[in-house]
Amino acid sequence: MAIDTLQSAGAQVHPLRGTPFPRLMEPFSLGGRVLRNRVLMGAMHTGLEELPDGPRRMATYFGERARAGVAMIVTGGFAPEAVGAASEGKAIFDSQANAAEHRLITDEVHAGGSLILLQILHAGGYARHDKAVAASALPTPFCPVVPRMLEEGGIEQAIESHVRCAQLAHVAGYDGVEFLGAGGYLINGFFAPRTNHRTDRWGGCVANRGRLALEIVRRTREALGKNFIIGFRMSLLDLVEDGSTWDESVWLARALQEAGADFLGSAFGWHESPVPTIASVVPPAAFSTLTRRLRAAVALPIVATNRIHTPEQAETLLARGDADLVALARPLLADPHFVQKAAAGESERINTCIACNQACLDRTFSHGVVSCLVNPRACHETLWEPPKAAESALCVAVIGAGLAGLSCAVALAERGHEVTLHEVSSSIGGQFKLAARVPGKEDYQRTLVYYENRLRDSGVTLRLGSNPTAEELRGHDHVVIATGIRPRMPGASAWAVHPKVMRYDDLLSGRREAGQRVVIVGAGGIAFDVAEYLTYDGVHNTASFMAAWGIDAVASLRGGLKPAPATARSGRSVVLLQRGVGKVGRGLGRTTGWIKRRMLERRGVLMMTDAGVDAVDEDGVLIRQGGEIRRWEADTVVLCIGQESCDELSASLRAIGIAVSVIGGAFESPGIDAERAIRQGMRLGLDL
Ligand code: SF4
C-alpha cells in the first residue's frame, strides 16, 4: 500500500524525512489496522508472565518499546488452558481476571502508539507435567512424561480453549492474537507426521493433520469478526526427521488464508533440532529465502524472523521482497529504542544484540526472569529507576575502558558528572575487544561502536594510552577502578615460560601467532573461543552454514534436514585439555554450548578430560591424563586457565584519601562475565 493511501486512512507516517530505511519505516495495512512501520516485536517468553506483579512489569517493558516506535508487539506465550501450560505454574490466560489485569499492558502499549497481540501457546507434548496432551502418545525429548493422546472430545476442548482465550484477549484490549503453530507445540505437533500417528480425521493426510490449526483460526474469526487481528506463526522448516514437507507448509498457509488469518509469522526448528537457528553462528537473516518462497505462494503478509539484528539487514530483506514485516525479538531486549534510532538514521547508536543468549534464552531454560547482557534494564525496567541528574557534579576518573568502565563512565556523565576515562591501551573494549576477534562474534564490535558514540554524546573525556598513578589522580572526588583482569599463569611451573607457550590474549590480539599443532590448556568459554579462532576456515555465509548443518535449503525433504557432512577438518591439529572429568565445556551456555562442542568436533578438535600439562619441550608437550603421561607433538601451547583481578591502584588511592569504587573483573575475577561488568558499571553510574 502506498504511504499516501495510508495517510488518508489515518496512519502516522514517521515525521523524520530521509531515513536510510524507507522500507522498514513504511506503514503497512494489516487486518484493517495500520501499522506505523514494518517492525514487530516478536514473542519472547521473559518469565514476567508468571510473576504476581507481571502485568505491571510487562506494561512498563512493552510500553517503553511502544513509545520508541515499534509498530506491533506480540507478548510471550500464554496457554489457553491448564493442560497447555509448559510446566506447572507457567502462564495461563483463561479467565476474566486475567483479562482485567492485562488491561494495564494493553493500555500502556496503546498509549505508546503500538498495537499488541497476545500470543497463544499450547505446549502440547512439550508440557512438563502429568496432564500433558498431544496428537499421539509419543515420548517427547527433554520431557519427563509421555503425553496423553487427545480424544475427539479433548480436541474439541483444545479448539474451544483457543477461541475463548482469543475472546478474553479481546476483552483485555488486545488488538488480536498470534497462535503459535510452530516449534513442535500442540498445533505443529498435530501437523507433523513425526508426532501425529493418528488414523482418525485428525491424522493421516495433510488436510486431517492441518484440521486443528484451521478449526482454531476459522472459529476464532467467526467469534471475533473482522476487526480483530489473527496471526499464525507457522513452521517453515521443522528441522527434525519426519517433519512437514515444504508443499505441506504451503498447503497449510493457503488454507489458513481461507480460514481467516491476517498474517503468517515464520519459525524454524523444534527444541530437539540438531541445528542452531538463532545463535551467533547463524548468519544474519539466514532463513529469509524461505519466507520469500512462502510469500510468493500466498497472498497473506509474511513476517521474517531469526537473526535479524540490524536495520540494514531488515531493510535489505524487505527491499528484496523476502517478507512484508520483520519480527525483532532479542534486538528489542538489547535496545528498546531500536526503531526510533533506525528512523533517525542512527543505527550506529543502536545497542546491538550479540546473539549470546546468555541473559535471555539461557535464563528462560533455568526458569528465571530474562534480561540482556548488553542491557541489564531489559525486563527489569521497574527495578531500575530512571537516571536522576547529579545533585552536584563530581569530578570522577574511571580507570579502564572495558565494559564495566564504559558503562559506568557514560552513566555518570549522562547524569552531569565530569568524567575522565583512562585506558592504558590504544582502544576501548578490554576483554570484550578480544572476543570480537573470534569468528562468529563480529557483532561484539558493534557494542564498542555503540559505546564510542555514547562516550562522545555524553561528554566523557577519553584518554587512551593513559595509566595514571594515585598521585596523578589527586583532586578527583571519586575514582572508579575498572581495570579488569589479567590472564592467570600456571604458578611456578617451569614450562610456562617456554617460548611455545602463550596466553590467550596474546593470540587473540594478534600479538603472537600459533603454529599448526596446538594444545589449548583449559576448557572454559575462552578455550572454546580460542579453538574456534584457530580452526575457522574463513567462510561464514548462509550457504556454508546450511551445508555444514545439513539444512535442506530448498526444503525438498521432509523436515528440511539432510545428512550433514561428517567432518570438516581444519588445517590445524588442535587438542583441548580439561582438568576435570565429565562433559567438556559444561560451563558453556545452555543453549549455545552444544553448538560450540559440535562445531569443534566436526573440525577434528580433540577434547581430553582429566588432563593437564606436565612439561613443554622442543618436541612438544607431556600431557598427564589420569595416571598416565603421554607425549604430544605441538608447536604452540595456549593458556586459558582463568583470570586474576587486576587492581593496583585502589589501596594507594585510599591511602591519600580519595574515595574509590572497584567494579567488574577488578572486583571479582572468577569467570569473565560481561553481563555482570555492564550491570555493575551502570549501577554505580546511576548511584554515585
Ligand atoms: Fe541478545 Fe545476548 Fe541480550 Fe540475549 S542476552 S538479547 S542474545 S545480547
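The structure is a predicted model, in which local features require pLDDT of at least 70, side-chain atom pairs count only at pLDDT 80 or more, and totals for chains, interfaces and linings use all residues. Residues are numbered from 1 along each chain as its sequence is written, and side-chain values use heavy atoms, with hydrogens and water left out.

The structure contains 4 cavities of 30 Å³ or more. A cavity is defined on a 1 Å grid over the protein atoms alone as a set of points where a 1.4 Å probe fits but cannot get out, and its lining residues have an atom within 4 Å of a point. Grid points are joined across faces, edges and corners, and a volume is the space filled by probe spheres set on the points. The volume of the largest cavity is about 90 Å³. Its lining comprises 13 residues, and those nearest the centre are Gly42, Glu178, Arg233, Val303 and Ala327. Two or more lining residues of the largest cavity come from each of strand 3 (39-41) and strand 10 (263-268), where helices (H or I, at least four residues) and strands (E, at least two) are DSSP runs numbered from the N terminus. Strand 10 contributes the most to this lining, with 3 residues. By class, the lining of the largest cavity consists of 7 nonpolar, 4 polar and 2 charged residues; Ala, Val, Leu, Ile, Met, Phe, Trp, Tyr, Cys and Pro count as nonpolar, Asp, Glu, Lys and Arg as charged, and the others, Gly among them, as polar.

The second largest cavity has a volume of about 70 Å³, and this is the space taken by the ligand. A molecule is taken to sit in a cavity if more than half of its atoms lie within 2 Å of the grid points of that cavity. The lining of the second largest cavity is formed by Arg330, Leu333, Cys353, Ile354, Ala355, Cys356, Asn357, Cys360, Ser371, Cys372, Leu373 and Val374. These lining residues divide into 9 nonpolar, 2 polar and 1 charged. Around the ligand itself stand Arg330, Leu333, Cys353, Ile354, Ala355, Cys356, Asn357, Ala359, Cys360, Cys372 and Leu373, a residue being near a molecule if one of its heavy atoms lies within 4 Å of it. The shell around the ligand has 9 nonpolar, 1 polar and 1 charged residues.

With residues up to four places away in sequence not counted, Ile678 touches Leu373, Val374, Pro376, Leu403, Ser407 and Tyr451, contact meaning heavy atoms within 4.5 Å. Ile678 and Leu373 are 305 residues apart along the chain, and their C-alpha atoms are separated by 7.6 Å. Ile678 is buried, with a relative accessible area of 0%; buried means under 20% relative accessible area, exposed over 50% and partly exposed in between, for a 1.4 Å probe and protein chains only.

Further buried residues occur elsewhere in the chain. His102, in helix 3 (residues 96-111), is buried at a relative accessible area of 3%. Apart from neighbours within four places in sequence, His102 is in contact with Phe78, Phe93, Leu118, Ala172 and Tyr174. Leu24 is located in the loop between helix 1 (3-8) and strand 1 (28-30) and is buried, with a relative accessible area of 1%. Beyond its neighbours within four places in sequence, Leu24 contacts Asn37, Arg38, Val39, Pro311, Ala314, Glu315 and Leu318. Ala127 belongs to the loop between strand 5 (115-120) and strand 6 (133-134) and counts as buried at 0% relative accessibility. The contacts of Ala127, neighbours within four places in sequence aside, are Val83, Ala85, Ala86, Ala132, Cys143 and Val145. Ala127 and Ala359 are 232 residues apart in sequence, with 23 Å from C-alpha to C-alpha.

The backbone was also examined. Most residues other than glycine have a negative phi. Asn306, however, has a positive phi of about 75° although it is not a glycine. Asn306 lies in the loop between strand 11 (303-304) and helix 10 (311-319) and is buried, with a relative accessible area of 9%. Cys379 likewise has a positive phi, near 65°. Cys379 is found in the loop between helix 13 (361-365) and strand 13 (395-399), and its relative accessible area of 1% places it among buried residues.

Note on methods. 1 Å grid on protein atoms, 1.4 Å probe; cavity = no way out; pocket = protein on both sides within 12 Å on 5 of 7 lines; lining within 4 Å.
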